[in-house]
Amino acid sequence: MTKEKNVPILHLQMHPGRTDDQKRAFVREATKAAVETLACPPESLEILITEIAKDSWAVGGKLKSEA
């Protein structure tokens, strides 16, 4: 039987508009924080960035694109 690894996965959801440099900076800093607090090697950490358009995101019964 193989032993499963406990792989941390961080999932960030945000509206489009951040630059690649901003995303790189976020990934770098999030990785540092996860390694320090979760005691995991950086190679084990996965970070997913999902960009969701404002017309696909609603708050309080209204699409963000209509706010």
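## Basis of the model

Because the model is predicted, local features require pLDDT of at least 70 and side-chain atom pairs count only at pLDDT 80 or more, whereas totals for chains, interfaces and linings use all residues. Residues are numbered from 1 along each chain as its sequence is written, and side-chain values use heavy atoms, with hydrogens and water left out.

## Salt bridges

Side chains of opposite charge can pair when their charged atoms come close. Four salt bridges are found in a search of the whole structure; the term denotes a side-chain nitrogen of Lys or Arg within 4 Å of a carboxyl oxygen of Asp or Glu. One of them joins Asp21 to Arg24, with an N to O distance of 2.9 Å. Both residues belong to helix α1, where they are three residues apart, about one turn of the helix. Helices (H or I, at least four residues) and strands (E, at least two) are DSSP runs, numbered from the N terminus. Asp21 is exposed at 56% relative accessible area, while Arg24 is partly exposed at 48%. These classes are defined by relative accessible area: buried is under 20%, exposed is over 50%, and partly exposed lies in between (1.4 Å probe, protein chains only).

A salt bridge also connects Glu51 with Lys23, the closest N and O atoms being 2.7 Å apart. This pair links distant parts of the chain, since Glu51 is in strand β2 and Lys23 is in helix α1, 28 residues apart. Glu51 is partly exposed, with 36% relative accessibility. In a further salt bridge, the closest N and O atoms of Glu29 and Lys32 are 3.3 Å apart. Glu29 and Lys32 are separated by about one helical turn because they lie three residues apart in helix α1. Both are partly exposed: Glu29 has a relative accessibility of 42% and Lys32 a relative accessible area of 44%.

His15 is located in the loop between β1 and α1. Its relative accessibility is 16%, so His15 counts as buried. The His15 side chain reaches the backbone oxygen of Ile52 at 3.1 Å. Leaving aside residues up to four places away in sequence, His15 touches Ile52, Ala53, Lys54, Trp57 and Lys64, where contact means heavy atoms within 4.5 Å.

## Nonpolar surface patch

Val7, Ile9 and Leu48 make a nonpolar surface patch of about 240 Å². Patches are made of residues with over 30% relative accessible area and no salt bridge; like charges are joined within 9 Å, and nonpolar side chains (Val, Leu, Ile, Met, Phe, Trp, Tyr) within 5 Å. Accessible areas come from the Shrake-Rupley method with a 1.4 Å probe, and for residues only the protein chains shown count as cover. Ile9 lies in strand β1 (residues 9-14) and, at 51% relative accessibility, counts as exposed.

Definitions and conventions. A polar contact is a pair of N or O atoms within 3.5 Å; within protein, one must be able to donate a hydrogen and the other to accept it, and residues adjacent in sequence count only if both atoms are side-chain atoms.
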